[in-house]
Amino acid sequence: MAPSFHTGVQSAEWTARDEPTPKRGETQKSTGKVMTSVFWDTYGIIFIDYLKKGKTINSDYYVALLERLKDEIAEKRPHLKKKKVPFHQNNAPCH
């Protein structure tokens with residue numbers, strides 16, 4: 001039997017002439033993007049913040065976020081409460 005080649009919407013895949021094409025799951029529309037700020041150290045995650053839909057990060061939001069981080073560090077890492085903590089910011093795209 002000679003294989004047939006499907007094109008168009010179907011995936012490019014070889015099947016025998018009388019063989020049914022594989023079933024494909026339905027695609028679902030994404031719920032959208034979520035901006036997340038994650039703060040961690042060598043012991044694990046300290047704090048995660050999810051930006052509310054329609055909001056942007058401005059200076060007021062960022063200052064408040066860092067204040068909340070300071071409180072979380074004091075609660076979860078009390079030994080660092082009065083020490084200077086190095087902070088590295090990375091704005092890398094998702095993979």
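# Core, pocket and strands of a predicted chain

The protein chain of this predicted model has one helix and four strands.

Visitor: Which element of the protein chain has the highest mean pLDDT?

Guide: As a background, the protein chain averages a pLDDT of 82, and 85% of the residues score at least 70. Where pLDDT is low, the predicted coordinates should not be read in detail. The lowest mean among the elements, 55, belongs to strand 1 (residues 3-5), whereas the highest, 95, belongs to strand 4.

Visitor: Which element gives the most residues to the largest nonpolar core?

Guide: The largest nonpolar core consists of six residues, namely F39, I46, F47, L65, L69 and I73. Two elements, strand 4 (44-50) and helix 1, each supply at least two residues of this core. With three residues, the element that gives the most to this core is helix 1.

Visitor: Is F47 buried or exposed, and what is its relative accessible area?

Guide: F47 lies in strand 4 and is a member of the largest nonpolar core. Leaving out residues up to four places away in sequence, F47 touches S37, V38, F39, L65, R68, L69 and E72. Buried means under 20% relative accessible area, and F47 is therefore classed as buried, with a value of 8%.

Visitor: What distance separates the C-alpha atoms of F47 and L69?

Guide: Both F47 and L69 belong to the largest nonpolar core, and L69 is among the residues that F47 touches. Along the chain the two are 22 residues apart, while their C-alpha atoms are separated by 6.6 Å.

Visitor: Which residues does I46 touch, not counting residues up to four places away in sequence?

Guide: I46 is one of the six residues of the largest nonpolar core, and the contacts of I46 include other members of that core, among them F39, L69 and I73.

Visitor: Is S37 buried or exposed, and what is its relative accessible area?

Guide: S37 lies in strand 3 and, leaving aside its neighbours within four places in sequence, is in contact with F47, I48, D49 and L65. The cut-off for a buried residue is under 20% relative accessible area, so S37 counts as buried, with 13%.

Visitor: Is Y50 buried or exposed, and what is its relative accessible area?

Guide: Y50 has its place in strand 4, and beyond residues up to four places away in sequence Y50 touches V34, M35, T36 and Y61. The C-alpha atoms of Y50 and M35, which are 15 residues apart along the chain, are separated by 6.0 Å. Exposed means over 50% relative accessible area, and Y50 is therefore exposed, with 54%.

Visitor: Which element supplies the largest share of the lining of the largest pocket?

Guide: The largest pocket, with a volume of about 1,500 Å³, is lined by 43 residues, of which S37, V38, F39, W40 and N90 lie nearest its centre. The elements that give two or more residues to this lining are strand 3 (36-41) and helix 1 (59-76). By type, the lining residues divide into 22 nonpolar, eleven polar and ten charged. The largest share, eight residues, comes from helix 1.

Definitions and conventions
Residues are numbered from 1 along each chain as its sequence is written. This is a predicted model: local features need pLDDT of at least 70, side-chain atom pairs count only at pLDDT 80 or more; totals for chains, interfaces and linings use all residues. Side-chain values use heavy atoms; hydrogens and water are left out. On a 1 Å grid over the protein atoms alone, a cavity is a set of points where a 1.4 Å probe fits but cannot get out, and a pocket is an open set with protein on both sides within 12 Å along at least five of seven lines; lining residues have an atom within 4 Å of a point. Grid points are joined across faces, edges and corners, and a volume is the space filled by probe spheres set on the points. Ala, Val, Leu, Ile, Met, Phe, Trp, Tyr, Cys and Pro count as nonpolar, Asp, Glu, Lys and Arg as charged, and the others, Gly among them, as polar. A nonpolar core is a set of buried Ala, Val, Leu, Ile, Met, Phe, Trp, Tyr and Cys residues joined through side-chain atoms within 4.5 Å. Buried means under 20% relative accessible area, exposed over 50%, partly exposed in between (1.4 Å probe, protein chains only). Contact means heavy atoms within 4.5 Å. pLDDT is the predictor's confidence in each residue, from 0 to 100.
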